[in-house]
Amino acid sequence: SQGRPALPIVPDAVTPPVPSTNNAPVAPAPQIIIAVMAESSLKQVLQELAQAWADSQDSGPQVPLTLTNSGTLRAKVEGGSAGDVVISADVADVKEMTDKGLLFADGQRSLARNTLVVYGRKALVKDDDLGWFDLIGTEWKKVALGNPDLVASGRVAKRALQKHDLLGDEHKDTFVYTQTETLALAVAQREQADAVFVYKTDAAKISLPGFALFPLKTEDAPPVFYTAAVCRLSKNPTQAGAFIDYCSGDAAKAVWAKYGFETN
């Protein structure tokens, strides 16, 4: 007797093999970049704040800084090339750019304030009542300041000079105008000016022989407020807003104070 043949085995439906992904390259996540354009007087404090904020983020964003004057900053915003965040020292400029729809009104923050002073040669004539305005054109033959058409501190200085009638023709050769406060201070450091209008934070960094600080009254030169806003054309508005919030938060106040700025 012959055995029965085995039943044929019907294979299951064939499922194509799934290639292994263990060794497949993984596309890296795109690098988040928050480009910040700010006043040149904020260089050191913003370098520290930007690094601290970036280190606190899981995404590890890059925060490139462009430091310039108020006039150039505004021109860049109006030209659509200011990046993600702007920090201006001219509140009027920020308002106008916001009204034009170039900056988001939501999320704007006043980060800190600064004070303008005159840093000049000590008076040769001993007189306790002698003010900075008495020395311009007499003992101070050259005075440096930021160009009022470009520099926020220059606009404040111009207001003080006009109040004391020091911008007439008899003083037109007295003033040396520069594109930033830093450049104005450099003129004095090169001994090409007897005095300079400069932020209190910048004056604290240097010591020139024979120079002294001459404070300006608030009615002559009101404080400068640094205002931060997100650009309407920002590619990362949410992260840009988060950076501004960090710079205005409690953790940042100690950093602002470290560099001589005042906060609320």
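Reply: In this predicted model, the part to begin with is strand E10, residues 224-230, which has six of its seven residues buried and is therefore largely enclosed by the rest of the structure. Strand E10 pairs in the antiparallel sense with strand E3, residues 85-88, over four bridges, and within that pairing Val85 has Val230 of E10 as its bridge partner. Strand E4, residues 109-114, also pairs with E10 in the antiparallel sense, here over five bridges, and Arg109 finds its bridge partner in Ala228 of E10.

Ile136 has a relative accessible area of 4%, and since buried means under 20%, Ile136 counts as buried. Leaving aside residues up to four places away in sequence, Ile136 touches Val143, Leu161, Leu166, His171, Thr174, Phe175 and Phe197. Ala195, although 59 residues apart from Ile136 in sequence, is 8.6 Å apart from Ile136 in space, C-alpha to C-alpha.

Leu161, one of the residues that Ile136 touches, is among the buried residues of helix H5, which also include Ala152, Ser153, Gly154, Val156, Ala157 and Ala160. Helix H5, residues 152-163, has twelve residues and reaches 17 Å from its first C-alpha to its last, close to the 16 Å expected at 1.5 Å a residue. Helix H5 is followed by Asp165, whose phi is positive, near 55°.

Conventions:
Residues are numbered from 1 along each chain as its sequence is written. This is a predicted model: local features need pLDDT of at least 70, side-chain atom pairs count only at pLDDT 80 or more; totals for chains, interfaces and linings use all residues. Side-chain values use heavy atoms; hydrogens and water are left out. Buried means under 20% relative accessible area, exposed over 50%, partly exposed in between (1.4 Å probe, protein chains only). Helices (H or I, at least four residues) and strands (E, at least two) are DSSP runs, numbered from the N terminus. Two strands pair if DSSP finds at least two bridges between them. The expected span of a helix is 1.5 Å times one less than its number of residues. Contact means heavy atoms within 4.5 Å.
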